[in-house]
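Visitor: I'd like to go through this one with you, starting with the pockets and then moving to a few side chains. Could you put it up?

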Amino acid sequence: MKATTKERLKFLELCLLLLGEFKKSYFHLLFDTKRAQQTKDLETYIKNECPMNIRYDDSLKRYVPTPHFDAKFLPDDASTLLAYQKYVEDLIASKGEESPFHRIEYISQPFLTAPNIELWGILNRAITKKQVLSINYSGLRKKEARYTIQSLALVHNGFRWHVRAYVVGEDRYRDFVLSRISQPQVAEMAYCNSGVLENDDNWNSTVELVFKSHPKLTPEQAKSVEEDYGMADGKKTVQCKVCNIQHLLKLTRTGLDTEQREAHLFPLILDYKSNPELTVILDRLKSKKLIKI
C-alpha cells in the first residue's frame, strides 16, 4: 500500500474515532483527491483492510464505526495521536476550511515570546554550516558581555527558547536564552572541532529522576496527584539529560526540600537522596543558583 493511501486511511480512522462518523466529503478537507480515488480508498478500507471496523448507515447516509472498531492506521501512543490530531486541525485551518472536529483549547505560556526570526535563521545556519558566532548576552546576574560560541542545538524548555552552545576560549558548554542574545555576527575564525555536541558530557549523559507526591498531602490528595502525573506504585520515573534537569524541575514546579515547599502549591517532590550521583549534580546546580530548594 502506498504511503499516501495509508495517510488518507489514517485520517479516515481519526474521523471514526473522534466524530463517530465519516463522510466521503471529509477527504477534501486534507487531500486534493478526486471522487474516484475517494471511493477507491473507502473500498480498500472496508473490503481489504478493516471490514469489521466500519459500516454504512443508510438513515444517516454516512459511515460509522462498529462496536468492534479497532484502529489499524492511527498511532497507538496517546501523545503521538494528540500530536497528529493537532497537525490535522492546523492543516485544515491553513486551507481555510471549517474543521469538523471539536475545538481543543491549548493554553500556551503567556510570557513565551517567539524567537526573533533573524536570530533564528542565524543560529540554524551556524549549526548547519558549523560557523562560529560572536554575540552579546545579558544574564540576570551578570552585565552584558560578549561571547564567542559554536551553536550546537536549539531547545524549547517549556517556557522559553535557548541554544546549547560551546563557549570558545572558555572550553565549556552552556545554554544561552535566545531573548537575551543581541548583535549576533559570524566570527571570522576557525571552527573548534573539539567543541561539538558529541563532546558535551552533560548533553550526552542522562540521569534517572524519580518524582513522587508531596509527603504532607493526604492519602486522597496524593492519589489524585499520582493519577494526574501517571505514576505507578506512587512514583514517576523519567530519564533526563543532565543539562536539562533544572529546566524540567522548573517546568514541573518540583521541590527538593519538602519542609520549605507547601504541599498544595508544590505537590511534586524529587526523590533524590538515595542517588549519590544525582545529589552531586543538584548540589552543583544549587551552588550556581540554577535551581531553588
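Guide: A word on terms before we start: a pocket here is an open set of grid points, on a 1 Å grid over the protein atoms alone, with protein on both sides within 12 Å along at least five of seven lines. With that in place, and bearing in mind that this is a predicted model, the second largest pocket comes out with a volume of about 320 Å³.

Visitor: Which residues line the second largest pocket?

Guide: Its lining is made up of Leu249, Lys250, Arg253, Thr254, Leu256, Arg261, Phe266, Lys289, Leu290, Ile291 and Lys292, and by class that lining has five nonpolar, one polar and five charged residues.

Visitor: And what volume does the largest pocket have?

Guide: The largest pocket has a volume of about 1200 Å³, and 42 residues line it, with Arg141, Arg160, Arg174, Asp175 and Leu290 lying nearest its centre. The lining residues of the largest pocket divide into 19 nonpolar, 10 polar and 13 charged.

Visitor: Which strands and helices supply at least two residues of that lining?

Guide: Strands S4 (145-156), S5 (161-167) and S6 (172-177) each do, as do helices H7 (245-252) and H8 (276-287); the largest share, five residues, comes from S6.

Visitor: Switching to glutamine 150, is it buried or exposed?

Guide: Glutamine 150, which has its place in strand S4, counts as buried because its relative accessibility is 0%, and the cut-off for buried is under 20%.

Visitor: What does its side chain reach at 2.6 Å?

Guide: The side chain of glutamine 150 reaches the backbone nitrogen of cysteine 192 at 2.6 Å. Leaving aside neighbours within four places in sequence, glutamine 150 is in contact with Val132, Arg164, Ala165, Tyr166, Val168, Tyr191, Cys192 and Gly195.

Visitor: You mention a cysteine, so how many disulfides does a search of the whole structure find?

Guide: The search finds zero disulfides. Cysteine 192 is in none, and the nearest cysteine sulfur, that of cysteine 243, is 19 Å away.

How values were computed
Residues numbered from 1 in each chain as written. Predicted model: local features only at pLDDT ≥ 70, side-chain atom pairs only at ≥ 80, totals over all residues. Heavy atoms only, no water. 1 Å grid on protein atoms, 1.4 Å probe; cavity = no way out; pocket = protein on both sides within 12 Å on 5 of 7 lines; lining within 4 Å. Points joined across faces, edges and corners; volume = space filled by probe spheres on them. Helix = DSSP H or I, 4+ residues; strand = E, 2+ residues; numbered from the N terminus. Nonpolar A, V, L, I, M, F, W, Y, C, P; charged D, E, K, R; others polar. Buried < 20%, exposed > 50% of the residue type's maximum accessible area, 1.4 Å probe, protein only. Polar contact = N/O pair within 3.5 Å; in protein donor to acceptor, adjacent residues only side chain to side chain. Contact = heavy atoms within 4.5 Å. Disulfide = S-S within 2.5 Å.
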